[in-house]
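Reader: I have a model open and want to learn how to read it. Where do I start?

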Amino acid sequence: MEYIGYGNNGQSLKDKILGISFTYILLIVILAGIGTMTLYSAANGSWEPWAGKHLMRFGFALTLMIFMALIDARQYYKWAYVFYLVSMMLLIAVEVFGHIGMGAQRWINFGLFKVQPSELMKIGIVLFLARYFNAMTIQGIRTFRGLIIPALLTLFPVAFIAMEPDLGTALMVLITATVMVFVAGVQWWKFALVGTIGGGSLPIIWNFLHEYQKNRVLTFLDPERDPLGTGYHIIQSKIAFGSGGVFGKGFLHGTQTHLNFLPEKHTDFIFTMFSEEFGMLGSLTVLALNLLVIALGYLFAFRTHNYFAKLTIIGLNTNYFLYVFINISMVMGLLPVVGVPLPLISYGGTVMFSIMASFGIILCMSINKSKMSFDDNR
Amino acid sequence: MNSSENEKVKVLGHRTIFLMLFNLVAFAMIVARLYYLQVYEADKYKVMSDKNRISTRFLVPPRGVIYDRNGEVIAKNDQDFQALLIAEQTSDINQTLEAFKNIIPLTVDEETRILKDIKNKRRFIPIKLKNDLSWEEVAKIELNAPDLPGVEINEGLSRIYPYADLYAHVLGYVGPISDADKKDNPLAMVPGFKIGKAGLERTLDYQLQGKGGTVKLEVNAYGRVMKEIERNSGVQGDSVQITVDSRLQEAAYEAFGEESGAAVVLDVRTGEILALVSKPSFDPNLFTNGISYKHWNALLNNERTPLVDKAVSGQYSPGSTFKVVVALAALEAGVINVGTRIYCAGGMDIGNIRFHCWKHAGHGSLNVVEALKYSCDIFFYETALRVGIDKIHDMALQLGLGEPLHVGLDNEKGGLIPSKAWKKARFDKNWTPGDAANSGIGQGYVLVTPLQLATMLARVVNGGYAVQPTFIKPTEADLKKIKRLDISTRHIELVKQGMFEVVNGAGGTAGRAKFNIDGAVMGGKTGTTQVRRISMKERLSGIIRDEQLPWKLRNHAWFMGFTPVDNPRYAVAVIVEHGSSGSGVAAPIASKILQKALELNIK
């Protein structure tokens, strides 16, 4: 408990608690409440099997978030590389055991709880890059040599996650890392170069994709191509959105969802279900809430005086933004269906805990307003 | 903090602002997309959403009821239950079918049909599994519903003909719609929808069908019906009343006993068909749900052709009944008159062939009335020669022979009335006196149907009015439009006198069939027509008695009669196939029918 409440540049526990943004927590609670309500509707007006459990999980996750917010911020810095390494090892373990065990497997069972190493890696890559760039000068960041380690240590886990296969998460980790590299100040032309090379290598990547992934991409480009198969989800989702109109069909009255035309309504397609019942006005409300959460994140990043804290917040904030953007875009047919849930609203424990943990870290970084340096290694 | 550190934070700040802008743009894209889906294209998706959840099913309207002239129901609808299978609602259609068979056994025929339907019909179209389910069977199916995904009980209506065989040839029957008829009718895809396949059911199908209803059901993605949204029951088909009197129809039917043949009874003043039977008959109820092969083959292979409506499709030589037409043609042409007498010596030479009278001893000298009474052949050979075939042809056509009468029954035939031009066209041969003589006694080329003969008789005995036979009661206006034929009343009276004598005169050919009900007596004319050619050898050696021949080779027996003679109301034409004798077999049947008509006093 040495680092909780104490030793953080002299901030007392009370100071820290008061330093937590209650607006931020309120927004999170409202979003989780909307999630619970939507899951209640998804089960045709029942707490079983999703809404009740979702609320309970949120309760635990909220506790976890506050706990993580109150930890001494220096601990994150201190353990950043270790956390990354453990996450990486677990990823490798999943890949190895997964193949020995039951085919594609994304989690490790610790008895009491299951851990998805790819979710840990979303945080791990942020902490790793934040610490790495924190220790570098801007000149160092702008050299090629300075990018070798971040590039390798990003692509390595991304490749493992993609092999699970979990293309959605792999892309999220990759994009989060790229955004951080960008924010750290790497030159524009390097991104242009990588973009060109990456674009050129698309056909090669295409060959490594699984059949179902290829199908998803193809079907995204033309949903009518397979109206009863993969395209069915997208078509039915768009119908649900469109028929919801401006005001929606009303709570518990979404026909597309209640009559089971919409698949995965409690997980990936929950925003569709919400939007069918609450229309564009409801959807804009959820978007606005998320936008506020993200904006607050940036505010925290600007307010803190510590580089590591800033970069960590931006990385985790970007991670959250990607969740929201990818999920909503894919259910509206703007992106292929890659299996990314909508945090706080979709049913599912893993994302709930990982996103709440990242909120906890964001809060922790935001509490720390001092110019305190973490550079105890230097 | 050094300047490098400051530079790093500054860069981070700039890049973060850029990142925030990017996030905002991304959110704006989402908002634009939301607007596009939920406002701009909302109507399109609302329609698609309704299409998803609303399944419209057609309801078969109840078919119109058919009544006889007294308001007696002769075709109606009874509720029945059928089991249907909707292929798309079961994951394993064969398993469902097996499970169904364990509960309700199916015959091999039924199973073959079901498998054919499964293959041919689209997956959302219900397929009939079994009709006429009892309450018990319905209960069994409902009880086992979890094992029978895709099976539905449909409450349907099936056509019932309470008089069964009695009306088979009049009403025809209904049956499942055939592929050829399917094109335009939206009801065609609905199981249980029947159309008229024969008889008046077919002719009046448009009136009887009614308008289909629809029921809008909310269904979920698996096709399960969640609730009914809207129901429009449709409109029952129009009822139709026909002119037939079931009591007379029954009497006519019974009068035949085991004989096969046909009878048509007309109201001579209006042309209303009061009875129309064809024997043997069949049960049209068998057709409603698709007749079995066994029954169908039995009907098809019966040598007495129960499926043929002999009253309108049977074409027979009219035999001596045709003498009425010949007499009228001759009287009108002026080649004979009331005083004209012709001597019958039992035979006469025409060309180089000798023609006999049926009475080989000869009738002696006869006028037209006596010639009809005794049915003298010589008189009519001579008369036909005098008047010529073309005048006979014209008279026959005026009286309703030679062309179909269009009463609305299937395969109504037009018969055949020959003429010189016809023979030239048909055989490229000239008309011979022998042809004329043969035609004079209703043999040779001449063919009529029982319906035509009854019409001819009605037109004669009603005083020469061109009544049209019909199953639908004519209105007053229709009756006013009936044309008077160009035949003098005097000549008609002469012919009627002759027909009166046939039945009531001493030695008339149908004397045994006479009756007198409150002063109403019958007039008529017998006819016997050869089915086979009588060889010269037979002619010389004395003819074998017809009754001793095999049934198929015996003569057809005709009688046409009307009553009351002084103010005719009913006319009947009876043919008994292979009945041998018009006077002995056909006349008594006609007599019974007319007596019944009088007794019922059908108006």
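**Reading the model, feature by feature**

Author: Start with chain A. Of its 378 residues, 51% count as buried. Keep in mind that this is a predicted model.

Reader: How many helices and strands does chain A have?

Author: Chain A has 16 helices and two strands. Look at its contacts next. Take the contacts in chain A between residues at least 6 apart in sequence: 72% of them join residues at least 24 apart.

Reader: Now the cores. What is the general idea?

Author: In soluble globular proteins, nonpolar side chains tend to be buried together. Here, the largest nonpolar core has 123 residues. Those with the most contacts inside it are Ala263(B), Val264(B), Val265(B), Val572(B) and Ile593(B).

Reader: Why does this core lie between two domains of chain B?

Author: Both domains give residues to it, so it lies between them. They are domain 1 (55-241) and domain 2 (246-281 + 305-600) of chain B.

Reader: Why does Ala252(B) count as buried?

Author: Count its neighbours. The cut-off is 20 or more other C-beta atoms within 10 Å. Ala252(B) has 30 C-beta neighbours inside 10 Å, so it counts as buried. Its contacts, leaving aside neighbours within four places in sequence, are Ala263(B), Val265(B), Ala275(B), Val277(B) and Ile593(B).

Reader: How many residues along the chain separate Ala252(B) from Ile593(B)?

Author: They are 341 residues apart along the chain, yet their C-alpha atoms are separated by 5.5 Å.

Reader: On to sheets. How do I read a strand order?

Author: Walk across the sheet, strand by strand. One open sheet of three strands in chain B has the order β1-β8-β9, with antiparallel pairing.

Reader: Which strands stand at the edges?

Author: β1 (54-59) and β9 (225-232) of chain B do. Each has a single partner strand, so one side of each is left without a neighbour in the sheet. Neighbouring strands here are turned by 25° against each other on average, direction ignored.

Reader: How many bridges link β1(B) and β8(B)?

Author: Six bridges, in the antiparallel sense; β8(B) spans residues 213-219.

Reader: Next, strand β19 of chain B. Why is it largely enclosed by the rest of the structure?

Author: Seven of the seven residues of β19(B), residues 523-529, are buried, so the strand is largely enclosed. Then read the two faces. Gly523(B), Lys525(B), Gly527(B) and Thr529(B) point one way. Gly524(B), Thr526(B) and Thr528(B) point the other way, and all are buried.

Reader: Which strand pairs with β19(B) over seven bridges?

Author: β20(B), residues 556-563, in the antiparallel sense. Thr529(B) has His556(B) as its bridge partner, and Gly527(B) stands opposite Trp558(B).

Reader: Is β20(B) buried or exposed?

Author: Mostly covered: eight of its eight residues are buried. One way point His556(B), Trp558(B), Met560(B) and Phe562(B). The other way point Ala557(B), Phe559(B), Gly561(B) and Thr563(B).

Reader: What joins β20(B) to β21(B)?

Author: A hairpin, through six residues. β21(B) covers residues 570-576 and pairs with β20(B) in the antiparallel sense over seven bridges. Phe559(B) stands opposite Val574(B) in β21(B).

Reader: Last, the contact between the chains. How many residues does it take from each?

Author: The contact takes 39 residues from chain A and 35 residues from chain B. On the side of chain A that touches chain B, α14(A) gives the largest share, nine residues. By class, that side has 24 nonpolar, 13 polar and two charged residues.

How values were computed. Residues numbered from 1 in each chain as written. Chains lettered and ligands numbered in written order. Predicted model: local features only at pLDDT ≥ 70, side-chain atom pairs only at ≥ 80, totals over all residues. Core = buried A, V, L, I, M, F, W, Y, C linked by C-beta atoms within 7 Å. Buried ≥ 20, exposed ≤ 12 C-beta atoms within 10 Å, placed from the backbone. Domains from an automatic or database assignment. Pairing = 2+ DSSP bridges. Helix = DSSP H or I, 4+ residues; strand = E, 2+ residues; numbered from the N terminus. Axes fitted to C-alpha atoms, helices over the stretch in contact; angles between N-to-C directions. Contact = placed C-beta atoms within 7 Å. Nonpolar A, V, L, I, M, F, W, Y, C, P; charged D, E, K, R; others polar.
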